[in-house]
Amino acid sequence: MEPTAGLMALDVALEKMLSRLSPLTESETLPLLHCFGRVLARDITSPLDVPGFDNSAMDGYAVRLADLALEKPLPVAGKAFAGQPFRGEWPAGSVIRIMTGAPVPAGCEAVVMQEDAEVTEAGVRFSEAVRAGQNIRLRGEDIAKNAVVLKAGQKMSVAQVPILASLGIATVEVVRKIRVAVFSTGDELRLPGEPLGEGEIYDTNRLAVHLMLEQLGCEVINLGIIRDDPAALREAFIEADRQADVVISSGGVSVGEADYTKTLLEELGEIGFWKLAIKPGKPFAFGRLPHSWFCGLPGNPVSAALTFYQLVQPLLLTLSGAEPVAPRRLKVRAGGRFKKSPGRLDFQRGVLRTGEDGQPEVVTTGHQGSHIFSSFSQGNCFVVLERERGNVEPGEWVDVELFNHLFGG
Ligand code: AMP
Ligand code: MG
């Protein structure tokens, strides 16, 4: 068992962090096409009944039950199409030809689908018993006028935006974008495209964070690479805090000699917590700056992406006024061995697949080092292994959490 004194459990850290946040209050009004991923600033009440009128669910015939009781072929007295209602007199002892979506004529008690109708010289006959109300979509049965259709805090996707269109709503008030400043720290970091000197590496974290922020609907202020120099870092912290609601740095949060982040956070603001009982991602820092919230991601790329995913995502959702949804976890059988030492909550990368017995199983992506970023591209889920757990043998039950859209899920 590795020493875990002083490490905070992930759920405790999340609770501590989220309970301090209050959602942004400013909003903007956008056309529906630009609302995907944005959060509603106010409840939406329906200005209409949907459907707006009783209408046919089928192509067929509009009937009155008393006419059917005559048990003889009934002549067709008129037609109703979507957008072109039947407006004439509907004589007793007849039916109206009707198409899907057409308003049902006054007095109509059911629609018989055309597959159950036989058209003869003498009129239309029906082969099946007819039930009152069948194949009629009732006014307001989807959404009633003045009902609350979507609540403030709803994050919108294709499951929501089209509902607004169906109500005739063209623009909607959403919470303004969260402004997030991001920078990487490290004397060893270079930009892709530049040559590498001895001991240098390319900056991958800032790109990962920038992409994730954009996908989450944030406005990104990218401040580049900051050297491991207390004065330069101090300036970056102050500049970021001046511009943003949230400041995200990567690197410099371990206990190395050039790790100044923690000291600066203490000087300029306040540390909420630092060091989590998770693997990878132990050196994650959260705190407060004068005008913004601060998240210090670990330097190792897997740890940076993972702590962003597990901690910064819920932070951003909460700031936008949306309810952070607990990650959906499933229990599946291990299709192979997972190496683990007790002590921290592990987020290994795995492949969820269908086993030979047709049941789901999960296997490891291989090397789980916090510098092996390809484990994200090879995997499709996190395998979440409890703190106290040791090695996992094939056939044991484990929790998996499927990657969301940030990692291609
Ligand atoms: P640090 O937390 O600054 O001590 O960094 C831990 C490890 O992550 C070191 O191997 C760094 O070189 C590496 N690292 C730090 N920042 C980045 C970055 N932006 N991109 C890729 N690797 C990084
Ligand atoms: Mg560093």
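**Ligand contacts, an aromatic pair and backbone features**

An oxygen atom of ligand 1 lies 2.8 Å from a polar backbone atom of Gly252, a polar contact being a pair of N or O atoms within 3.5 Å. The structure is a predicted model, in which local features need pLDDT of at least 70 and side-chain atom pairs count only at pLDDT 80 or more, whereas totals for chains, interfaces and linings use all residues. Residues are numbered from 1 along each chain as its sequence is written, ligands are numbered from 1 in the order in which they are written, and side-chain values use heavy atoms, with hydrogens and water left out.

Nitrogen atoms of the ligand also take part in such contacts: one is 2.7 Å from a polar side-chain atom of Asp203, and a nitrogen atom is 3.2 Å from a polar backbone atom of Gly299. Of the 490 Å² of accessible area that ligand 1 has on its own, the protein covers 77%, as given by the Shrake-Rupley method with a 1.4 Å probe. The ligand is surrounded by 16 residues, the closest being Glu188, Asp203, Thr204, Gly252 and Gly299, where a residue counts as near if one of its heavy atoms lies within 4 Å. This shell comprises 4 nonpolar, 9 polar and 3 charged residues, with Gly counted among the polar ones and Asp, Glu, Lys and Arg as charged.

A search of the whole structure finds 16 aromatic pairs, defined by ring centres within 6.5 Å, with planes under 30 degrees apart counted as stacked, over 60 as edge-to-face and the rest as tilted. One of them, formed by Phe183 and Phe237, is edge-to-face, with 5.7 Å from centre to centre and 70° between the planes. This pair links distant parts of the chain, as Phe183 belongs to strand 13 (residues 179-185) and Phe237, 54 residues apart from it, to helix 5 (residues 230-243); helices (H or I, at least four residues) and strands (E, at least two) are DSSP runs numbered from the N terminus.

Most residues other than glycine have a negative phi, and most peptide bonds are trans. A cis peptide bond with omega of about -5° joins Val50 and Pro51, and Pro51 is placed in the loop between strand 2 (44-45) and strand 3 (55-56). Lys279 and Pro280 are likewise joined by a cis peptide bond, with omega about -5°.

Methods. A polar contact is a pair of N or O atoms within 3.5 Å; within protein, one must be able to donate a hydrogen and the other to accept it, and residues adjacent in sequence count only if both atoms are side-chain atoms. Rings of Phe, Tyr and Trp (its six-membered ring) pair if their centres lie within 6.5 Å; planes under 30 degrees apart count as stacked, over 60 as edge-to-face and the rest as tilted.
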